[in-house]
2 protein chains.
Amino acid sequence: MGRRIFLCMDIGGTKLSCALVSDNGEILGKGRKPTPYEQGASGTIPILEDMGRSLIDLARSIGEGVEAIGISFGGPVDYKRGRVLRSHHATGWEGFELTAMLERAFGLPAFMDNDANAAALGESLFGAGKGYETVLFLNIGTGIGGGITIGGRLHRGGRGLAGEIGHTKVDPNGPICTCGKRGCVEAFASGPSIARMAREELEKGDKVSRMLEICGGDPRAITGEMVAKAADDGDEIALSVIDRAMEYLAIGIANAMHLFDPDIVVIGGGVAKAGEIVFAPLREKVGKYLLSGFLERMPGIVPAALGDDAPLLGAMAIAKEGGR
Amino acid sequence: MGRRIFLCMDIGGTKLSCALVSDNGEILGKGRKPTPYEQGASGTIPILEDMGRSLIDLARSIGEGVEAIGISFGGPVDYKRGRVLRSHHATGWEGFELTAMLERAFGLPAFMDNDANAAALGESLFGAGKGYETVLFLNIGTGIGGGITIGGRLHRGGRGLAGEIGHTKVDPNGPICTCGKRGCVEAFASGPSIARMAREELEKGDKVSRMLEICGGDPRAITGEMVAKAADDGDEIALSVIDRAMEYLAIGIANAMHLFDPDIVVIGGGVAKAGEIVFAPLREKVGKYLLSGFLERMPGIVPAALGDDAPLLGAMAIAKEGGR
């Protein structure tokens, strides 16, 4: 039997990606456009249809048929019903029946999950988690999402909410998180949380910091990337802020290890690009919080390998499994 | 095909139980003796052999053969090799090849896991977790153990350590745990931790408390049961100590829910016997810490249903699966 081909879509806050992906994880063609985030679903669907048609034409031109559509969506979804709950980035998506819409448009079955689950599955099957039985995946960016795979299949849990490591609580007296609760991992280690902690440090008064130069003297303009840049340049305050973020992230990862005992922890998003300067201290911090039984054969903590392709490859697997 | 019969053993710190269990969870015969905990494995094995022989005779007398031996052990084990790592309660067990020993003694294949995993499996298949896809089980006693089942099978993880909810950290500034780390769930909510917190309250000075009567005036004699008794009698200090323990337990359970999204949470051990006086406030506290997505269809948090039979029934399932 020949290879099977899927039309895969990744709907994010800043870009829309579509790709033609084979069941062995090969990307045969790919397109990308900016997300019209102020227009929600109604502005996005025509762009997806347009890119999708081109890719189906491409498949036809190489003598291949497309079997199904797989979708990675940047926000919570009801994967069983193929319905968006809401977008993390844009309005006009609440309750949108996305798979039904695309099924009508393309005459193909469509299956969807959120982007953290899609990326977790992509990395588990084709990336840094390949070959490991139990994989814990984290994506650290504006928020902290996560996904869990066991034997190459997503563990979604009863409500499809499994893997929400970003909202596990690591300090009941910690700062308020975007979710409204206190001391979540995300409230310490997401990009905006790192920026907030840096800002708080600078606002304590007469501090000299490379961060002030980078942000043009206005602490309110600081981003997580600027803190990382200043830390790279050896700035003491930036280094201490990142150290604090990694400490709480380590508690969250160690907690997840105690519960799940994964064979590997894969981290994607901005932090994955930082390399050993982040991963080496992170591994040491996690080790500090683990029961001794884990240390004899401590699971690896490694950067994601597929970058932006992870959710597309995961979407392929979701379509291939038929949304199971 | 007829029913299949297994010889099941539960090796705990205070008692040894053996039972003849059918593959549909029926207990056909059972025996119990005190654990000779000061004698370790060498004192325990003859008692197990003796009880086991009687049960095999019983099986023969009703025309049944015994297929295999399943063991629940009170401490960490290497389940793949059938080897005890150590006992939580007794010396003389380190590295003991328990399944090989029993295989020689009985001429039957033997399989083993720790008691938290065995009880989790027992409750999932035959008790309070029956019929639920994903089950999180906690046993709250001298320590806090746990186990996870998915589709009626244990999720053991890469090192067989999954389910260690007792050693997830819920407050980095919390009290020191038996494991040597700070602020684990176990350091707040185990029986001895509740007793410690009560003692600390009483030692703050001129407190009037029912607990002082119950413990005969010596705060050092207080146990978790005495705190529960005083709380039952309406003692304010005991009530506030238990409320604090449940608050941190709730954080641990909510964290596990965010990671796993179980369909039900089953709690065994002493606390399970307390009933709604503990479970009603615990559910409310957990709800407070959950993302809104969980609240629409919040997983049940319920007492274990099988009591002391849970590890024996789980041991049957472990033997039936052949240690897989």
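Axes here are lines fitted to C-alpha atoms, for helices over the stretch in contact, and angles run from 0 to 180 degrees between N-to-C directions. The model shown is predicted, so local features are described at pLDDT of at least 70 and side-chain atom pairs at pLDDT 80 or more, whereas totals for chains, interfaces and linings use all residues. Residues are numbered from 1 along each chain as its sequence is written, while chains are lettered from A and ligands numbered from 1 in the order in which they are written.

**View 1. Helices H3 and H12 of chain B pack against each other.** Helix H3 (residues 115–126) and helix H12 (residues 309–320) of chain B meet at an angle of about 85°, and their axes are 6 Å apart; helices (H or I, at least four residues) and strands (E, at least two) are DSSP runs, numbered from the N terminus. H3(B) is therefore roughly perpendicular to H12(B), given that angles of 65 to 115 degrees count as roughly perpendicular, under 35 as roughly parallel, over 145 as roughly antiparallel and the rest as oblique. Among the residues that make the contact are B:Ala118, B:Leu121 and B:Phe126 of H3(B), together with B:Pro311, B:Leu312 and B:Ile318 of H12(B); two residues are in contact if their C-beta atoms, placed from the backbone, lie within 7 Å. The residues of this contact divide into 13 nonpolar, two polar and three charged, where Ala, Val, Leu, Ile, Met, Phe, Trp, Tyr, Cys and Pro count as nonpolar, Asp, Glu, Lys and Arg as charged, and the others, Gly among them, as polar.

**View 2. An open sheet of five strands in chain B, with helices lying across its strands.** The strands follow the order S3-S2-S1-S4-S7, and their pairing is mixed; two strands pair if DSSP finds at least two bridges between them. Strand S3 (27–34) and strand S7 (110–114) of chain B stand at the edges with a single partner strand each, so one side of each is left without a neighbour in the sheet. Neighbouring strands of this sheet are turned by 15° against each other on average, direction ignored. Strand S1 (residues 5–11) and strand S2 (residues 15–22) of chain B run antiparallel and are joined by seven bridges, and B:Met9 stands opposite B:Cys18 in S2(B). H12(B) lies across S1, S2, S3, S4 and S7 of chain B, running at about 130° to S4(B), whereas helix H2 (residues 98–106) of chain B lies across strand S4 (66–73) and S7, at about 150° to S7(B).

View 3. Strand S8 (residues 134–140) and strand S11 (residues 264–269) of chain A run parallel and are joined by six bridges, with A:Gly269 in S11(A) as the bridge partner of A:Ile140.

**View 4. Helices H5 and H8 of chain A pack against each other.** Helix H5 (residues 191–202) and helix H8 (residues 236–260) of chain A pack at an angle of about 135°, with their axes 10 Å apart, and they are therefore oblique to each other. The contact includes A:Ile194 and A:Met197 of H5(A), as well as A:Val241 and A:Arg244 of H8(A). Its residues divide into eight nonpolar, one polar and two charged.

**View 5. Chain B in contact with chain A.** In this interface, 37 residues of chain B are in contact with 38 residues of chain A. The largest share of the side of chain B that touches chain A, seven residues, comes from H8(B).
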